[in-house]
Amino acid sequence: MNRAERIERVLRRMAAERIDTLIALSNAKHHLARINLAAHLMGYRALAESAFVLRADGTQRLIITPAYDAERASLRQPEVPLTASDDLAAALAELLRQRAPGRIATTGLGAMPHNLAVRLLDIVGKDAVPFDDAVNEVTAPKTDEELENARKAVAIAEQAHEHMLAVGRAGMRECDLAVEMNLYAKELGANDNFLMLSAGPHQLGVGASSNRPLARGDVIIAESTPAYDGQFGQICRSASVGPASNVLVDKYALLVRAMTAGIEKIRPGATVSDVAGAIDVVMTEAGYEKYNHPPYLNRRGHGMGTGSIAPGDIDVENHTVLEEDMAFVVHPNQYLPETGYLLCGEPVRVTATGYEALSKKWAEMDSVKG
Amino acid sequence: MQILESTLLTGPYDWDEHVLPRSEYEPRIERVRAAMAQAGATMLAVFGHPGNSGALAYLTNFTAKVGPAMALVPREGPLRILASGTPKMMDTAKLLTWVEDVRPLGNATKTVTEFVGDGNTLATWGFGALPQGLYGGIAKAMAPRALVSLDQVMDPVRRRKSPRELELIRGAARFLTAATDAFAASVRAGKGVRSAGLAAERAAIAAGAQDARAMASLSPGGVPLPLDEVSDERVLDPANAGIAVQNYGYWASGTVTVAHQPGPARVRARDALAAALAAARAGAQLPDGIAANAIGLSLEEGPSGAPLEAGAVYAVTSRATEGGETTYASALVAVTDKGCDVLWQEPA
């Protein structure tokens, strides 16, 4: 699929719902795990609030702020007509004055900052149809370009992890290690990185990196998620500070086995629940059924933004049917009483018959200098 | 200066009482409580997010590293912070602040309305940036009581910097020098602007900055813009950069031009900046063509285009264009009643 085909899907849905004009609004937050359908449709990461306007006849227009970002917007999306302004609401109102919008649908309005949203609400009117779910539903598969970017992002994540193993050591602050990984990932081509990294001898969960120095006997757990041209790709890894104990190695191998069982379920037509359920079965059989639920874990994986985060959280309660070219990370990440919280996760793409692993080397218990 | 918001902040943001002791926050809390009393509010909710934690950090030192956050300030008694993340993440969230009561944001509408209590009035600060869905939920739950914004009262208070804050901005200015020097050296060595921007960020971090963001022009003499694609690696002459660095929450920013053969536009930009700095004092309105934005815990503390205020720190930028190429000159100044102290200026 390419961007034009994604737009076609949206147009078909608009026709089915008798929508004349779709106004997709972006709050300029381009996040791993939050939906930004405007960015998803426009393929452009706005510096500030922006809108993508799609008419039923296929006409498109990008409205960006601030106006001085026009050069970047034109480079990123040269084929989409552009309005550059310092006032999104005024520019949108002018556009709708030039040509009657008919029946309007919106996405992203609830995520817009309040001061701007009240003006936008006045412009689109109270009868505008919230269209977030509809657009999200029909644009779940990644485009070929996004998939290629996801592969690059994951390759960067793997290199950044190797870098972490090379430079991490006892005495180094968590935050300094995280910042170094971020800088390294950017030097490899990343434009952002959702890097949740924390360490401790027995953690209850992963957190944002603090000023705490690493100590021998800690386990570093990291969700490393660089973005390449806006597409995030995540791997989850764990590394001991100093040699890993046998119990740590054994329990980590169990998590990898559970993850593998989940990934093996992936194919078009399977459900997200099938994937999460297969992970749970392995953990249950190993005697950890109690730990298959919060507060011992959050979820078994998730989609990878920006834009769409389909198929959502990898959870037994999620019955979304997998489609070809969905891309997401499967991570059994959870607490075990013997080791504390551990992270292991691999990103995958759904293929016509199964799955493609986006990472080259799957997780194993690693270590840094103690 | 506007930067692309990062999905997650990773630098050292834990509260250090040796740098900003409780005594720095106590008068701020007293001031905001006085504003609440004047507005007839019994409770204040302050909003922050990874792109701008300014008001939140001003009262609590809390930087919203992971996602949106709020501080709840009663007229009396302890504050509470609602932070993004699961309950298990609250131990690390607590390290970011002197406030002891830190809980997950969760159902913020329910938490806020319960905290306010029946019949009481909620004041807000920074709610203009609150996502409309959440704002609407809180406003509806509080109805018929209206939310009372304290932005107009508290934003000017926050702009007036204490001696300790000025010292932190001076520290940020030193990191800015390291960053701009690295950018210039990289461009002069023939590197593309993306590499030069990364060199600037690495130099600032190595010097001790908490965060560093470099933008650069995508065409010769163009406006500095986010470098979010690998294809942004372009060898340019002149190359413009907008660089922001952070020191213990406080930002310094500057816009610089690196050219192998500076032209007359450079002289004009620098002359205009020199004239602006000579005229800068409390109440002064800088001439057209000179941009001055208040800076501190936020990159832009507003309002733009207003007369300069005593005690505030400004990033002042002049620019001159010739042949379609723009040259910048910039400085960071602390404004006083009689003039201004230059905290940083682009090297000659």
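**Exercise 1. Determine which residues of α7(B) and α8(B) meet, and how the two helices are arranged.**

Solution. In this predicted model, the α7(B) side of the contact consists of Arg174(B), Phe175(B), Ala178(B), Ala179(B), Thr180(B), Ala182(B), Phe183(B), Ser186(B) and Val187(B). They meet Ser195(B), Ala196(B), Gly197(B), Ala199(B), Ala200(B), Glu201(B), Ala203(B), Ala204(B) and Ala207(B) of α8(B). Two residues are in contact if their C-beta atoms, placed from the backbone, lie within 7 Å. Helices (H or I, at least four residues) and strands (E, at least two) are DSSP runs, numbered from the N terminus.

Next, sort the residues by class: twelve are nonpolar, four polar and two charged. Here Ala, Val, Leu, Ile, Met, Phe, Trp, Tyr, Cys and Pro count as nonpolar, Asp, Glu, Lys and Arg as charged, and the others, Gly among them, as polar.

Then consider the geometry. The axes of α7 (residues 163-188) and α8 of chain B come within 7 Å and cross at roughly 150°. Axes are lines fitted to C-alpha atoms, for helices over the stretch in contact, and angles run from 0 to 180 degrees between N-to-C directions. The two helices are therefore roughly antiparallel, given that angles under 35 degrees count as roughly parallel, over 145 as roughly antiparallel, 65 to 115 as roughly perpendicular and the rest as oblique.

Residues are numbered from 1 along each chain as its sequence is written, while chains are lettered from A and ligands numbered from 1 in the order in which they are written. As the model is predicted, local features need pLDDT of at least 70 and side-chain atom pairs count only at pLDDT 80 or more, whereas totals for chains, interfaces and linings use all residues.

**Exercise 2. Characterise the packing of α4(A) against α5(A).**

Solution. The axes of α4 (residues 88-98) of chain A and α5(A) are 9 Å apart, at an angle of about 10°. That makes α4(A) roughly parallel to α5(A). From α4(A), Leu88(A), Ala89(A), Leu92(A), Ala93(A) and Leu96(A) meet Leu116(A), Arg119(A), Leu120(A) and Ile123(A) of α5(A). By class, this contact has eight nonpolar, no polar and one charged residues.

**Exercise 3. Describe the side of chain A that touches chain B.**

Solution. First count: 47 residues of chain A are in contact with 39 residues of chain B. Next, assign them to elements: α3 (70-76), α5 (114-124), α8 (174-187) and β7 (192-200) of chain A each supply at least two residues of this side. The largest share, seven residues, comes from α8(A). By class, this side of chain A has 22 nonpolar, 15 polar and ten charged residues.
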